[in-house]
Amino acid sequence: MCGIVGYIGHREAYPIIIEGLKRLEYRGYDSAGIALFDGNSLKISKTKGKVSDLEERSEKEITKNGSLGIGHTRWATHGVPNDVNSHPHASNSGDLAIIHNGIIENYDSLKKELISRGYTFQSDTDTEVLINLIEDVKKKENVKLGKAVQIALNQVIGAYAIAVFDKSKPGEVVIARLGSPLAVGVGEDEFFIASDASPFIEYTKNAIYLEDEEMAIIRLGKEIKIRKIIDDSLVDPYVQELQMNLEEIEKGGYEHFMLKEIHEQPRAIRDTYRGRLLRDEAIIKMAGVEDNMKKFLNADRIIIIACGTSWHAGLVAEYIFEEFSRIPVEVEYASEFRYRNPVITEKDVVIAISQSGETADTLAAIKLAKSKGAFVFGVCNVVGSSIARETDAGAYTHAGPEIGVASTKAFTTQITVLTLIALRLARAKGTMSSSDFRLYLQELELIPQKVEQALKVDEHVKQIAKEYLLSTNCLYLGRGYNFPVALEGALKLKEISYIHAEGYPAAEMKHGPIALIDDRMPVIVIATSKGHYEKVVSNIQEIKSRKGKIIAVVTEGDTAVKEIADHVIEIPDSEEAFSPLLTTIPLQLLSYHIAVMRNCNVDQPRNLAKSVTVE
Ligand code: M6R
């Protein structure tokens with residue numbers, strides 16, 4: 001994880017880097033730092049804490065002029081979050097400075113070797129080892145910075161996105177990537193370097209995304225030169241035009257990104273099916289599926305791989321695929337799949353789901369599946385991300401940038417894309433009649449407006465939140481399509497409010513979790529009218545008899561649950577298969593309000609980062 005930003009050009013670098021780091025804080029916020037070159041000297045300021053703490057500190061420590069600089073916001077891996085372990089790190093001579101996102105796995109042996117040659121280290125980081133290795137190579141081989149970086153990286157095992165600067169050769173920054181993202185914004189006589197394009201979106205729409213095992217030497221007033229790290233061969237830079245705009249990455253009047261993103265869901269779902277769901281013609285058009293239809297139709301099974309919320313979307317998809325297209329589906333945590341020698345054949349279709357498109361475990365699982373001959377289809381939000389590039393084909397979710405660490409609109413748009421695929425395959429396989437297909441298309445098209453209606457429960461949910469903000473545990477129950485929603489509701493609550501929460505299939509409660517129920521245990525039950533309703537009502541009765549507090553998500557017009565539950569939250573009626581797109585809304589709002597009332601940092605919960613690019 002970690003966010004990196006750099007600037008080389010004709011503007012003051014400081015405000016660009018600080019603002020850029022704030023936009024990348026979703027990637028980590030244990031510490032922050034900046035290195036600026038003012039034409040004569042290299043000034044470094046860094047501190048434990050957030051970018052706002054860095055601003056305060058740099059105010060006292062450095063003069064803020066200079067049009068070349070690099071900055072970093074850290075999610076700690078090697079070494080606790082403190083001032084010394086913060087990036088940038090300088091080499092022993094003080095000439096070189098580096099920022100790094102990733103992990104140098106063989107740092108220990110490299111460090112021992114460097115110590116034996118007289119190098120000293122102040123921090124516990126792998127990054128300080130790398131910058132001294134570069135310095136060592138530069139001196140030993142008597143080469144320029146670019147060459148030294150290349151030779152050093154060929155000795156390194158691990159993952160990195162780095163930017164390196166040499167104060168004895170100002171006007172040049174060397175960058176490289178392997179396994180961690182790195183974008184270069186190309187302006188008029190200026191370059192921006194960043195983990196994603198958000199730090200430079202208001203300056204240029206032209207971006208180059210470095211591929212794995214590529215490095216670039218960026219020189220002021222010159223073209224960018226990209227080379228392969230392994231063999232020094234030149235690569236033609238591919239300049240892309242960015243579609244993102246500034247408003248998309250601002251809070252737009254909401255107190256938090258998470259709340260903004262919850263409210264964006266009607267628009268996001270509409271954007272996801274726009275141009276793909278053609279109701280009048282009764283067709284679904286998705287190029288990635290169409291071009292690979294044979295692979296899907298001949299598949300023995302579909303294996304879905306993902307992590308966290310994306311894994312929950314995969315679980316919803318399992319129900320939808322099996323119901324609509326009658327293809328067996330297995331859903332796997334990418335982190336388990338990649339290490340357990342799974343049986344995969346050329347007749348498997350693997351669907352990898354990831355909002356960021358950068359999750360290290362998902363990326364590794366994709367590579368494994370490909371190496372065994374499977375066809376891998378990606379469902380990602382971030383355009384041009386590593387997973388989008390690594391997969392054989394795919395479909396973007398079009399949710400727009402998701403900045404809150406807690407995933408919300410990514411979840412509902414992932415389910416939307418997967419539903420479209422399942423419907424398309426159902427028609428192609430003939431497992432759904434054309435009248436049902438038309439009906440589902442119609443229903444899916446109505447979902448954004450139903451989500452808008454579901455969002456109206458906000459104030460009611462806020463009142464409920466007041467009663468439960470001091471809870472220490474919570475249970476979430478759901479059945480069928482809404483079992484994964486129970487898991488997702490529990491994940492949302494624990495990650496942003498730090499309340500312990502568990503999601504369970506409602507019927508499994510009697511096999512253990514029921515022992516937890518007492519008058520202090522809030523139980524959130526999804527009890528929509530079409531999903532095993534009577535059975536879930538019985539589960540609610542069982543909880544009530546043990547004095548548990550029931551918060552029930554029901555279909556509007558419900559009467560039975562209203563009589564027994566402590567609180568009911570109504571959502572619009574829909575086809576059961578689409579109900580997760582609605583039932584998840586009040587659960588997102590509930591965790592949001594509880595977290596706000598507990599004074600938790602909703603957008604940047606402790607210990608977490610938005611994209612998990614390390615194992
Ligand atoms: O970017 P990805 O979808 O691959 O991320 C997967 C998980 O890290 C992510 O969903 C995480 O669980 C979220 N914080 C959940 O809100």
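Visitor: Which residues does K46 touch once neighbours within four places in sequence are left aside, and what makes them contacts?

Guide: K46 is in contact with A32, G33, L54, R57, E61, D83, V84, S86, H87, P88 and H89, where contact means heavy atoms within 4.5 Å. The model is a predicted one, in which local features need pLDDT of at least 70 and side-chain atom pairs count only at pLDDT 80 or more, while totals for chains, interfaces and linings use all residues. Residues are numbered from 1 along each chain as its sequence is written, and side-chain values use heavy atoms, with hydrogens and water left out.

Visitor: Which backbone oxygen does the side chain of K46 reach at 2.7 Å, and what makes this a polar contact?

Guide: That oxygen belongs to S86, and the backbone oxygen of P88 is reached by the side chain of K46 at 2.9 Å. A polar contact is a pair of N or O atoms within 3.5 Å, one able to donate a hydrogen and the other to accept it, and residues adjacent in sequence count only through side-chain atoms. Both distances, 2.7 Å to S86 and 2.9 Å to P88, are within that limit.

Visitor: Is K46 called buried or exposed, and where in the fold is its place?

Guide: K46 lies in strand β3, which covers residues 42-48; strands (E, at least two residues) and helices (H or I, at least four) are DSSP runs numbered from the N terminus. Its relative accessibility is 17%, and buried means under 20%, exposed over 50% and partly exposed in between, with a 1.4 Å probe and protein chains only, so K46 counts as buried. Between the C-alpha atoms of K46 and V554, which are 508 residues apart along the chain, the separation is 51 Å.

Visitor: How many disulfides does a search of the whole structure find, and how do you know that C2 is in none?

Guide: The search finds 0 disulfides, a disulfide being a pair of cysteine sulfur atoms within 2.5 Å. The closest cysteine sulfur to that of C2 is in C307, 18 Å away, which is too far for a bond. C380 is likewise in no disulfide, since the nearest cysteine sulfur, again that of C307, is 12 Å from its own.

Visitor: Why is D136 called buried, and what does it touch?

Guide: With a relative accessibility of 6%, D136 falls on the buried side of the limit and therefore counts as buried. Its place is in helix α4, residues 126-141, and, not counting residues up to four places away in sequence, D136 touches L114, R117 and Y119.

Visitor: Why is helix α5 described as mostly covered?

Guide: Of the 9 residues in α5 (145-153), 7 are buried, namely L145, G146, A148, V149, Q150, A152 and L153. These buried residues pack against β6, α4, β7 (158-166), β8 (172-178), β12 (214-219) and β13 (225-228).

Visitor: What makes a space a cavity rather than a pocket, and how many cavities of 30 Å³ or more are found?

Guide: On a 1 Å grid over the protein atoms alone, a cavity is a set of points where a 1.4 Å probe fits but cannot get out, whereas a pocket is an open set with protein on both sides within 12 Å along at least five of seven lines; lining residues have an atom within 4 Å of a point. Grid points are joined across faces, edges and corners, and a volume is the space filled by probe spheres set on the points. The search finds 2 such cavities. The largest holds about 60 Å³ and is lined by residues including C2, R74, W75, H87 and D126, with β6 (96-104) and α4 each giving two or more residues to that lining. The second largest cavity holds about 40 Å³, and among the residues lining it are T528, T555, I571 and L582.
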